Amino acid sequence: MNKVLVIDGENLLHRSFHAAEKQWHATGRKRDMYVRFFLTTLKSYVVQFNPTKIVVTWDYRKSGLSNERKELYEDYKKDRVFNEAVQEYADDIREMLTTLGVTQIHPWVREGDDIMYWLCAMKYPNESVLVSTDTDMYQLIVPELSGNKIYNPIKKIVITENYLKTNYNVEDGRQFIVRKALKGDNADSIRGIGSKDRKLTKNRLDAVVKAMGSEFNVENVTSQNLLDDEEMGIFLTNMEIMSLDRVKENTEELEYYEKQLNETPQGNKGKFKQFIAKHEFWTLMKQADKIYNLFNPINFDDLYTNIFG
């Protein structure tokens, strides 16, 4: 039974921004629209999955340290344009989530993807529902984590091994990330293998993925001469960047996640209403009690214990 709802905060932030953008020009209520879209969308996932715990992950780092992947690969996300408008009211949203008692976690030197992996694969394996459109999270679709749900909110489907087989010709999330490391990722400015003289055709791609298997059998690929030395170097670097299970090796990072998880704020209905009033989110005020109670349902077992001992 899935009990922990893991939300890709950056992903939802961007989707809320673009959804709200279509309406705020007509209403003039930019911040109201933006925050309301985030909250109502998050509320819909709580209703849909009925979790006992909610965790929202973010990419921002308070540590002031550089992104670990950037140090590994200088060109990482070099073409990514930072949209200040998207982040304009992110602090408002984080403040609102705190008043609702929602756990929020940000990374030390890695990224939000690593936090989601840690939550779903290490902290709450087979107990998690992950909501994100990020295909990097397909790495979690492996037999030993089949109890998790990887939910794509745009497609409105749970991504399964059958989906990976049909759409990517891979058996599971391990083969998926091998395929992605071979092809590269333009969105993150990660180049793939192949050249004008030796292209990465579909047949060669499928052959490498099959030879590599789910156990990352590099020797098998080398023995079949499917990748030359330069291509193998690119592939291994890309795997180092893309493979989320690398976070297991960073004890300090994991301890930082654990610390934040243990510091879950206590929800406060009064502060939630004060937040709404301070920011003049009047469209939310009418639903304030209902929204708060959804995020903070009464635990009747605890109530009974407190009253009767």
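Visitor: Where is the place of N126?

Guide: N126 is placed in a loop, with helices (H or I, at least four residues) and strands (E, at least two) taken as DSSP runs numbered from the N terminus. The model is predicted, and local features therefore need pLDDT of at least 70, side-chain atom pairs count only at pLDDT 80 or more, and totals for chains, interfaces and linings use all residues. Residues are numbered from 1 along each chain as its sequence is written, and side-chain values use heavy atoms, with hydrogens and water left out. The loop that holds N126 lies between α6 and β4.

Visitor: Is the phi of N126 positive or negative, and about what angle does it have?

Guide: Most residues other than glycine have a negative phi. N126 has a relative accessible area of 28% and is therefore partly exposed, the class between buried (under 20%) and exposed (over 50%), with a 1.4 Å probe and protein chains only. Although N126 is not a glycine, its phi is positive, at about 65°.

Visitor: What phi does F216 have, in the loop between α9 and α10?

Guide: F216 is found between α9 (202-212) and α10, and a relative accessible area of 30% makes this residue partly exposed. F216 is not a glycine, yet has a positive phi of about 55°.

Visitor: Which residue forms a salt bridge with R110?

Guide: A salt bridge is a side-chain nitrogen of Lys or Arg within 4 Å of a carboxyl oxygen of Asp or Glu, and the structure holds 22 of them. The closest N and O atoms are 2.3 Å apart in the salt bridge between R110 and E68.

Visitor: How many residues apart in sequence are the parts that R110 and E68 tie together?

Guide: E68 and R110 belong to a network of salt bridges with R69, K77, E111 and D114. R110 lies in the loop between β3 (103-105) and α6, while E68 lies in helix α3 (residues 68-72), so the pair ties together parts whose separation in sequence is 42 residues.

Visitor: Which side chain of opposite charge is nearest to D113, and how far away is it?

Guide: D113, in helix α6 (residues 112-123), touches D59, D134, D136, M137 and L244, not counting residues up to four places away in sequence, where contact means heavy atoms within 4.5 Å. Lys and Arg count as positive and Asp and Glu as negative, while His and the chain ends are not counted. D113 is buried yet has no salt bridge. The nearest side chain of opposite charge is that of R69, at 6.3 Å.

Visitor: How are α5 and α13 oriented to each other?

Guide: Axes are lines fitted to C-alpha atoms, for helices over the stretch in contact, and angles run from 0 to 180 degrees between N-to-C directions. Angles under 35 degrees count as roughly parallel, over 145 as roughly antiparallel, 65 to 115 as roughly perpendicular and the rest as oblique. The axes of α5 (residues 90-99) and α13 (residues 269-278) come within 8 Å and cross at roughly 155°. The two helices are therefore roughly antiparallel.

Visitor: Which residues make the contact between α5 and α13?

Guide: A salt bridge joins E95 and K278 (3.0 Å, N to O), linking α5 and α13 across 183 residues of the chain. The crossing of these helices is left-handed, that is, the near helix is turned anticlockwise from the far one by less than a right angle, clockwise being right-handed. The contact is made by D92, E95, M96 and T99 of α5 and by K271, F272, F275 and K278 of α13.

Visitor: Is the crossing of α13 and α15 left-handed or right-handed?

Guide: The axes of α13 and α15 (residues 288-295) come within 10 Å and cross at roughly 135°, and the two helices are therefore oblique to each other. K269, F272, K273 and I276 in α13 meet A288, D289, I291, Y292 and N293 in α15. The crossing is right-handed.
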